Amino acid sequence: MDVVKLVIWDLDDTFWSGTLSEEEITPIQFNIDLVKELVERGIMNSISSKNNQYEAKKKLQELGVWDYFIFPRINWQPKGKSVNSIIELAQLRPQNVLFLDDNHLNLKEVKFYNDAVWVEDPNFIFKITDHDAFIGKEDKEHSRLHYYKILERKNQERTNYSDNKEFLQTSGIQLAFISEVLSGKGRIFELIQRTNQINYTKKRIAEHELDELLENTDYECKMVRVKDRFGEYGIVGFYALQLSTNRLEHFLFSCRAMNIGLEQFVYAHLNYPEIIRVGAVTAELTKEPKPDWIIVSEDWKQIIDEDNETKSIRLLLKGACDLNQMLHYLNYKNLNLQSEFNFVNVNNHPVPQAHSFILLQSGIVSDTTKSYLIDKLPFWDESIFSTSVFEQEYDVLVYSLLADYTMDLYSSKRTNALVPYESYSDFINETKEQFVSRCKRHGFVGMDGDFYDDFKSDFTFQGQISPEDLRNNLVSLRSQISKPIIFINGAEISSPKNNASEFGKAQDRHKILNKVLDDFCAEHDNAFLLDVRKFVNDEDINHSIRHYKRHVYELMAQELIRIVGEISKVVYKRDEFRFKFKKISKIVYENAKDIFLKFKRVLLAK
């Protein structure tokens, strides 16, 4: 199922209860809160409603939610055409749009005009919050809504011009090429993975492949930044031109920059290099000259971004991928953030990079053993042992141990290496048919009946890490890392939302391992605890004991910032003491030296 980027709401008996033109409506607070939450996930909202626009706008303003909608269509026109108009104005693909309406005829009409649009009645609304298609991307600053409001203003002003070219020529469009691509690597990776409509080569690559590309001197790689008199659009494009072949490896632009001729301008600016287009795009490239309504500006080409400021504290976050949700709340001027999270490999399987046994084995397992395991295990890849933890080019390590709390361990009969895989004995309790069915359902590549037999034959089940082994691993890490470590523990709750296989087990196990971690932090210097037990209650979890609702990650981030602040004070006081001690020592030394010389002269005089 495609991700949803836009939800189009009917109003009467969908967004609110009742019919606005016939009676006083009753607001539905859940829907109001949902619209705001979707915006904070970077998912937009619009309206297609048969109503009087003035009255509907007035009511939505009273509810404090009017400004959260883009391109509302409130009129008496057929909804099929109305919804298509909204999608076109938002410059999105229909398959990324959900339409909500209580009238089944309206739903059928919208599907008739565009079968790719996802339609649902109001009963579906309560499923949206936890649905995989609505995960979105954290956007507390409403930057995506801001860009769409710019697009909305442009569309309104465009109606004053009889010719679109005339409108563009008065828009003051400026472009800047950014060659400092390493500073914007995250944005480039997002564009490569997410853009479709103006992505000409559609080559999806992993982060390590992007690193290699950006550092390859045979490629000219640049980001494209755009603004006009309506506002700033940020980084909206990227290209990678192979110099030896004069061929574009990547050439892509965000839908924010659609319909202004940006792609043609950049292509002409590069003197029409070779490009192999893959799939459909919204604008074909030609050998025509640059559009004359765009100019290249050097005055503002630098990226105005906190990430480029010199920051005083460097954090390395290591753990499960859910910690990504903390990153937004940690983006403040005193933190320089790096992360090593579990990730999904090319076989569509989560890679347990954060398990303490993986971390410790990264430095002691031979390259031969690593290669053997990586080739044999489809749920690993070559970056499983890659880590910056032991290089210590950070000020504080933040380490979540949930992989240790959860995953089972298997010992390789050939190498004796320990392999984290699955949890709570799931794999060993499955028949081959159950295993194959589950892997097929999740889309895991290479995990068939042959793999099941091979893994059962070559690996011995050890169970989850023992409390003793966890403590030994923590001691080993502490001996190898001199920097402060902030550990993140596990929640101690029991909820029917837990997976069936771990129901009743996870809470007890978390209590046992939390005790190990409590004792370790109490006994070791520079070991601190971010205690999620302070924040997580039964109603705060999503799916399982290991995944929390968004507000919990905000509280965790605030607690992390507090702990980092305390660590900084200790370091500052310690350094200040050392400085003063050295200064006092120098004064004492100079005075003692002076006294000694005077005493020496007195002795010589005698």
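1. Helices here are DSSP runs of H or I with at least four residues and strands are DSSP runs of E with at least two, both numbered from the N terminus.

2. A word on what you are looking at. This is a predicted model, in which local features need pLDDT of at least 70 and side-chain atom pairs count only at pLDDT 80 or more, while totals for chains, interfaces and linings use all residues. Residues are numbered from 1 along each chain as its sequence is written, and side-chain values use heavy atoms, with hydrogens and water left out.

3. Now the overall picture. The protein chain has 18 helices and 24 strands. Of its 606 residues, 50% count as buried (buried is under 20% relative accessible area, exposed is over 50%, and partly exposed is in between, using a 1.4 Å probe and protein chains only). Take the contacts in the chain between residues at least 6 apart in sequence: 70% of them join residues at least 24 apart. A contact means heavy atoms within 4.5 Å.

4. Back to aspartate 13. Its relative accessibility is 40%, so aspartate 13 counts as partly exposed. Setting aside residues up to four places away in sequence, aspartate 13 touches Gly18, Thr19, Asp102 and Pro122. Isoleucine 25 is 12 residues along the chain from aspartate 13, and their C-alpha atoms are separated by 8.8 Å. One backbone detail to check on screen: aspartate 13 has a positive phi of about 60° although it is not a glycine.

5. Glutamine 91 has a backbone detail to look at as well. Its phi is near 60°, a positive value in a residue other than glycine. You'll find glutamine 91 in the loop between H3 and strand S6 (97-100). Is glutamine 91 buried or exposed? With a relative accessible area of 6%, glutamine 91 is buried.

6. Serine 49 belongs to strand S4. It counts as buried because its relative accessibility is 2%. Leaving out neighbours within four places in sequence, serine 49 is in contact with Asp10, Leu11, Arg73, Ile74, Asn75 and Lys79.

7. Where does arginine 41 lie? Look in the loop between helix H1 (29-40) and strand S4 (44-49). Arginine 41 has 6% relative accessibility and therefore counts as buried. Not counting residues up to four places away in sequence, arginine 41 touches Ile128, Thr129, Phe134, Ile135, Gly136, Lys137 and Arg550.

8. Next, a helix pair. Helix H3 (residues 79-90) packs against helix H4 (residues 104-113) at an angle of about 55°, their axes being 8 Å apart. (Axes are lines fitted to C-alpha atoms, for helices over the stretch in contact, and angles run from 0 to 180 degrees between N-to-C directions.) That makes H3 oblique to H4; angles under 35 degrees count as roughly parallel, over 145 as roughly antiparallel, 65 to 115 as roughly perpendicular and the rest as oblique. The crossing of H3 and H4 is right-handed, meaning that the near helix is turned clockwise from the far one by less than a right angle, with anticlockwise giving a left-handed crossing. On the H3 side the contact is made by Lys79, Gly80, Lys81, Val83 and Asn84, and on the H4 side by Asn106, Glu109, Val110 and Tyr113. These contact residues divide into three nonpolar, three polar and three charged (Ala, Val, Leu, Ile, Met, Phe, Trp, Tyr, Cys and Pro count as nonpolar, Asp, Glu, Lys and Arg as charged, and the others, Gly among them, as polar).

9. A second pair is H16 (residues 467-480) and H17 (residues 506-523), whose axes come within 10 Å and cross at roughly 30°. H16 and H17 are therefore roughly parallel to each other, and their crossing is right-handed. Pro467, Leu470, Arg471, Leu474, Val475 and Arg478 in H16 meet Ile512, Leu513, Val516, Leu517, Phe520 and Glu523 in H17. The residues of this contact divide into nine nonpolar, no polar and three charged.

10. Last, the cysteines. A search of the whole structure finds zero disulfides, a disulfide being a pair of cysteine sulfur atoms within 2.5 Å. Cysteine 221 is buried, at 9% relative accessible area, and cysteine 439 is buried, at 1%.
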